[in-house]
Amino acid sequence: MAETVIPDDLLALLRSVDTPTVCNAIEVVQGKRGFNRFTRGTMQHSKPGDPATVGFARTAKISGLAPPNEPADVIRARRMDYFRSMAGGGGPTAAVVEDVDYPNCIAGWWGEVHVAVHKGLGLAGAVTNGVMRDLDVIDEGFPVLAGSIGPSHAFVHVVEIGTPVNVMGMRVAQDELIHADRHGALVIPDEVIPELKTAIETVVSCEAIVLEPARAPGFNIEKLEEAWARFEAART
């Protein structure tokens, strides 16, 4: 995949807005509704209210329901290869890890140790359909969006590195750009990036057409009808 560069002003904007706003903005760029490269279902966020995770995906697959059937030295070597892969790529980066045991995941890959390690390697956060734990002691500044919360690491081991993954219905390839917060995660298509900043600003300004009068004193149905007509004319 050709290297994609995010302008600094767009990166700052993406980190400041929520994932639903980005989802709407992608549809503005595409000129239609129906964008569907996002997670399904309710996920758990390690630090609700933290800024969004924005990064190029570093992908992997794990399993933990049963012990691995490969030699221990192979498993150990693959884990270190996993860390090498996570440390690679052009920044910013984010881990996107599929637990292949879903929906029966029990292995808490994302806990105090792995959060500290991945943060130290320079990643911005993690998205997984699997389990996170150690919520009271994991480092600040590394949000984890997970399928569930649990107490155990079980028999967790890495099974694939750098391959396409499926996290809660969101398919992600290595180095694709993702955006994630407490609402879920999505893939930002390369082709929308040049127009995405303007589209986000358009979404925010269009919503303000209704939000400003709705939050002002004296709001009533007549003012709503007037504002909504302008809103409908302006939005995608």
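**Charges and overall form**

I began with the charges of the protein chain, and I noted that the mean positions of its 21 positive and 31 negative charges are 2 Å apart. For this count Lys and Arg are positive and Asp and Glu negative, while His and the chain ends are not counted; the place of a charge is NZ of Lys, CZ of Arg, CG of Asp or CD of Glu.

I reminded myself that this is a predicted model, in which local features need pLDDT of at least 70 and side-chain atom pairs count only at pLDDT 80 or more, whereas totals for chains, interfaces and linings use all residues. Residues are numbered from 1 along each chain as its sequence is written, and side-chain values use heavy atoms, with hydrogens and water left out.

Next I looked up the extent of the chain, and I found that its C-alpha atoms fill a box of roughly 70 × 40 × 30 Å along the principal axes. The secondary structure comes to 6 helices and 12 strands, where helices (H or I, at least four residues) and strands (E, at least two) are DSSP runs numbered from the N terminus.

Of the 236 residues, 45% count as buried; the word buried stands for under 20% relative accessible area, exposed for over 50%, and partly exposed for what lies in between, with a 1.4 Å probe and protein chains only. The chain exposes about 11,500 Å², and carbon and sulfur atoms supply 53% of that area; the areas come from the Shrake-Rupley method with a 1.4 Å probe, and for residues only the protein chains shown count as cover.

**Cysteines**

I then asked how many disulfides the model holds. With a disulfide taken as a pair of cysteine sulfur atoms within 2.5 Å, the count comes to 0. For Cys-23 I could see why, because its sulfur is 16 Å from the closest cysteine sulfur, that of Cys-206, which is too far for a bond. I recorded Cys-23 as buried, with a relative accessible area of 17%, and Cys-105 as buried too, at 14% relative accessibility.

**Backbone details in the loops**

I turned to the peptide bonds, and I noted a cis bond from Gly-91 to Pro-92, with omega near -5°; Pro-92 lies in the loop between α3 (72–86) and β3 (93–99). A cis peptide bond also joins Tyr-102 and Pro-103, with omega about 10°, and Pro-103 is in the loop between β3 and α4 (112–120).

I looked at phi as well, and for Asp-134 I read a value near 60°, which is positive in a residue other than glycine. Asp-134 is in the loop between β5 (131–132) and β6 (144–146), and at 33% relative accessibility it counts as partly exposed. Met-168, again a residue other than glycine, has a positive phi near 55°; its place is the loop between β9 (165–167) and β10, and with a relative accessible area of 10% Met-168 is buried.

**Side chains in two loops**

I followed Glu-140, which lies in the loop between β5 and β6, and asked which residues are in contact with it, leaving aside neighbours within four places in sequence. They are Lys-47 and Lys-119. The side chains of Glu-140 and Lys-47 are joined by a polar contact of 3.3 Å, a term for a pair of N or O atoms within 3.5 Å where, within protein, one must be able to donate a hydrogen and the other to accept it, and where residues adjacent in sequence count only if both atoms are side-chain atoms.

Gln-174 is in the loop between β10 (170–172) and β11 (177–181), and at 18% relative accessibility it counts as buried. I noted that a polar atom of the Gln-174 side chain lies 2.7 Å from the backbone nitrogen of Thr-59.

**Helix α5**

My last entry concerns Ser-205, which is in helix α5 (residues 193–214) and counts as partly exposed at 41% relative accessibility.

Terms used. Contact means heavy atoms within 4.5 Å.
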